[in-house]
Structure formats: structure tokens, C-alpha cells
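Colleague: I am new to this structure and would like to know what stands behind the words used for it. Could you take me through them?

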Amino acid sequence: MSTVPTKAILDLEDQHGAHNYHPLPVVLREGEGAWVTDADGRRYLDLLSAYSAMNFGHRHPRLVAAAHKQLDQLTLTSRAFHNDQLGYFCAELAELAGMDAVLPMNTGAEAVETAIKAARKWGYQKKGVAAESARIIVFDGNFHGRTTTIISFSTDATARDDFGPYTPGFDIVAYGDADAVRNAITDNTVAVLVEPVQGEAGVLLPPDGWLTELRQICDDNNMLFIADEIQSGLGRTGHTFACDHEGVRPDIYILGKALGGGILPLSAIVADRAVMDVFKPGQHGSTFGGNPLACAVGREVIAMLKTGEWQDRALELEKHLIERLESLDPSMIKELRVRGLWAGVELSDKAPSARLVCERMAAEGVLCKETHVTTVRIAPPLTITPAELDHAVEVFARALAA
Ligand SMILES: *Cc1c(COP(=O)(O)O)cnc(C)c1O
């Protein structure tokens, strides 16, 4: 038990922290697997997994051991020197993705920036686009991170307003609409940047076949297909990548979140040489990118994913989750969207707000986070058991009914 009352901790954060988040009022102190414990010793089932950064659960023993081992050896070198983990990390991640090469960064937003820079340089150097005129097609409702360039093409006013002037060069079209993509293409279009499932938008699934069509459009128009798999990738959807659902191979994968095992920030882009080699020494980088500590943890994540067990588990739990969610009062549910162990439950007008549902669930020991006003997102660690899922959905049902 903490010696400091929860209220005092919340007050400290309120007084001295920036107010750029609106968290549920729980103060967590410990975590193990799918469970977390608050400062007063109360336990909660985690149905958010830090937005899929915790795919393998809190403090997975293999990941913690890899981190400890590396902590005792070497943690940071900068890229001024080589370290003995980076090469293995790149080789192993490239193999997992079936591509040639890896460029590591730290946060997801940095990896998205890396992909944008790669696509623009590729456009100028390989496609022959005139200087300063490269364009990238992006989608309504996208979430790709918080940097100034990335929020420049956000369609969420909260994320974007009053942060201008904005970075030009992006065309926003409707998610799931292939004709809208075709109509937005110009000779200067170098890439399409897409979330194969839109996570922050509420686990929005594209129409069947759309990713395949998008792949074809990119091939026909000499454009790069960039898949932002930061939230959807690495097991969550029942596949290594959400693009695998349609057997689509992008030109660039953007990875983050679970890549760092929930221990450190670790992100990367993965691509073939023809794209990756647009970067020459000095043209891009990061002090912490590719540090040996993050690489050692990332290597263990990759080793865990290599067997396919986690992906299979997500598929099995998907069936169970759908079955259970379908037992909820249908008058409260407008739409159910599920892919792997990942669900967006769109509440009806009759239901309480998603925020209120999440607050009620937290009071009963189940942590979820609303997205927008009407969607409850469910993305538990892949370590969760069917019985724990049952319990979570029972609590969900009570929160809807209360
Ligand atoms: C979380 C997320 C990002 C940004 O990652 P950060 O590590 O928060 O910068 C980018 N794209 C998608 C799809 C995400 O879910």
C-alpha cells in the first residue's frame, strides 16, 4: 500500500502537470499480465493495454529478463558508434516483416515522420517528382501521432486547431473509399499513408478488399503503400500485421507501441532497399534510436512473435470476445467492430456515454478507455484468459444497464 493517499497524488499531477490528458481517476502502481494494481491496493483488469503497447501484458517475464540482462551490459551508445544489438534487431525485424531493412526510432510519431521523409525523398529521387511538390494521400479520421507535420493532416479539430502554420503536401480522402483515392492522385502523389484498421477513430475496419484495391492503385500509379501498423501490428489482429488479413504487402511498415514490449519506446520503419536506401548518412536519425537496451527488448518481442502463438491466441480470443459481446443488450449497441483481440463497441442513443460506461467499469475493477463520445474500445493484453474476458464483459453489461 502506498503511504501517499491517492487524492494527494491526483492533486500533485493536477497542480504541476500539463492538462493535455483526461485520464480516468485511477493511480496505478503495479502490473502483472492483464492485471494492474492501484496505489490503494485495488486490482483492475486492463482492457486497454496502453493502446496496444502492452500486447504481451505487464512485465512479461521474457521481456523483463531481456531488459535486465541488457541493463547490466550497455544501454546507449548513440549512432556515432555501433552497438552489438542493433544489427540483430534489424535483421530479425526485417525477417519477421519479410522485407530488407529497418530504420529504428523511438516513438510512433517519429516513425511516421520517418516514413513521410522516406516517401518524399523517394518521390524526388526515384519517381522524378519536381522539387517541393510531393503529395501524400491520407484518410479522414486518421491518427498518426502528435508532431506538427502529422497534426497538419489530422481531421480532428482538437488535435489540430491553433497549432498552425501547417505542413503542406497532404490530401485527405474518405477512409474505405477507393474512388476517392483514385480521384486524389496527381503526378506528384508519392504515397498513400493508411491505418489498415483505424484504432483511435474507434477500431474502424475498412471494407473487405479495400486494402487489396489500395495496393493495386499504388502499383498502377507508382506510389508507395505505407501501412501505419503502430497500433494494429504485432499480434493484435490475429496476424503479425493487420495487412496480412488481406495478404497485402505494403512498401513501408510503420511499427511502434508493442515493439518496445511495453518497457521502452521503440519504433521503426521496415522497407525494401529500393526505398530505405534513399537515406544517406546524416539525412535522418535520432540520439536514442536503435539504442541497445531498446533493441534487446525488441529482439525478444520479435522472437515471441516469430512462432505465431500470439497471433493464434488473438484469433481464438476474437471468437470468444465476439460471442460474449453479442450477448450484450442489443438496444444499447449500435455497431460491433472486432478484429482479433480488438473491438470497438459503438453505443446506441439509449446507452450512457462511453465515458460514463468506462467510469462505471473502472469502479468495478475493469479499465477501458472511451474513444470519442460513443465508442468503447476493448484491447486487452493477449495474455488475458477467456474467463477474464467473461468477467470483463459482465462488468461491461452492468455498466450499460446501471
Ligand atoms: C499511437 C499511434 C501513433 C503514435 O505513436 P506515439 O508513440 O504515441 O507517437 C501513430 N499511429 C498510430 C496508428 C497509433 O496508434
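**Terms and the values behind them**

Modeller: Start with glutamate 132, which sits in the loop between helix 5 (108–127) and strand 5 (135–139). Keep in mind that this is a predicted model.

Colleague: Why is glutamate 132 called exposed?

Modeller: Exposed means a relative accessible area over 50%. Glutamate 132 has 77%, so it counts as exposed.

Colleague: What makes the peptide bond between glycine 164 and proline 165 worth a remark?

Modeller: That bond is cis, with omega at about 5°. Proline 165 is part of the loop between helix 7 (157–160) and strand 6 (170–173).

Colleague: Now the whole chain. How many helices and strands does the protein chain have?

Modeller: There are 14 helices and 15 strands in the protein chain.

Colleague: Why is the protein chain called as compact as a globular protein of its length?

Modeller: For 402 residues the globule rule gives 21 Å, and the radius of gyration of the protein chain is 21 Å, so the chain is as compact as a globular protein of that length. Along the principal axes, the C-alpha trace spans about 60 × 50 × 45 Å.

Colleague: What share of the protein chain counts as buried?

Modeller: Of its 402 residues, 54% count as buried. The accessible surface of the protein chain is about 17600 Å², and carbon and sulfur atoms hold 53% of that surface.

Colleague: What share of the contacts in the protein chain with a separation of 6 or more comes from residues 24 or more positions apart?

Modeller: Such residues account for 72% of those contacts.

Colleague: Where is glycine 298, and why is it called buried?

Modeller: Glycine 298 lies in helix 11 (residues 292–306). Buried means under 20% relative accessible area, and glycine 298 is at 0%, so it counts as buried.

Colleague: Which residues does glycine 298 contact?

Modeller: Beyond neighbours within four places in sequence, glycine 298 is in contact with Phe89, Leu259 and Leu266.

Colleague: How far is alanine 65 from valine 297 in sequence and in space?

Modeller: Alanine 65 and valine 297 are 232 residues apart in sequence, and their C-alpha atoms are 8.8 Å apart.

Colleague: And tryptophan 35: where is it, and which residues does it touch?

Modeller: Tryptophan 35 is in strand 2 (residues 35–38). Not counting residues up to four places away in sequence, tryptophan 35 touches Glu30, Arg43, Tyr44, Leu45, His58 and Glu388. Alanine 271 is 236 residues away from tryptophan 35 in sequence and 36 Å away in space, C-alpha to C-alpha.

Colleague: Let us turn to the second largest pocket. How much space lies in it, and which residues are closest to its centre?

Modeller: The second largest pocket holds about 590 Å³ of space. It is lined by 26 residues, of which Arg79, Leu86, Val102, Leu103 and Pro104 are the closest to its centre. Helix 4 (86–97), strand 4 (101–105) and helix 10 (273–276) are the elements that give two or more residues to this lining.

Colleague: What classes of residue make up the lining of the second largest pocket?

Modeller: By class, the lining has 13 nonpolar, eight polar and five charged residues.

Colleague: How do you know that arginine 79 is partly exposed?

Modeller: Its relative accessible area is 48%, which lies between 20% and 50%, so arginine 79 is partly exposed. Arginine 79 is found in the loop between helix 3 (61–71) and helix 4.

Colleague: Which residues does arginine 79 touch?

Modeller: Leaving out residues up to four places away in sequence, arginine 79 touches Leu86, Pro104, Ser286 and Gly289. The C-alpha atoms of arginine 79 and valine 278 are 18 Å apart, and the two residues are 199 residues apart along the chain.

Conventions
Residues numbered from 1 in each chain as written. Predicted model: local features only at pLDDT ≥ 70, side-chain atom pairs only at ≥ 80, totals over all residues. Heavy atoms only, no water. 1 Å grid on protein atoms, 1.4 Å probe; cavity = no way out; pocket = protein on both sides within 12 Å on 5 of 7 lines; lining within 4 Å. Points joined across faces, edges and corners; volume = space filled by probe spheres on them. Helix = DSSP H or I, 4+ residues; strand = E, 2+ residues; numbered from the N terminus. Nonpolar A, V, L, I, M, F, W, Y, C, P; charged D, E, K, R; others polar. Rg over C-alpha atoms; globule rule 2.2 N^0.38 Å. Buried < 20%, exposed > 50% of the residue type's maximum accessible area, 1.4 Å probe, protein only. Contact = heavy atoms within 4.5 Å. Areas by Shrake-Rupley, 256 points an atom, 1.4 Å probe, with all protein chains shown as cover.
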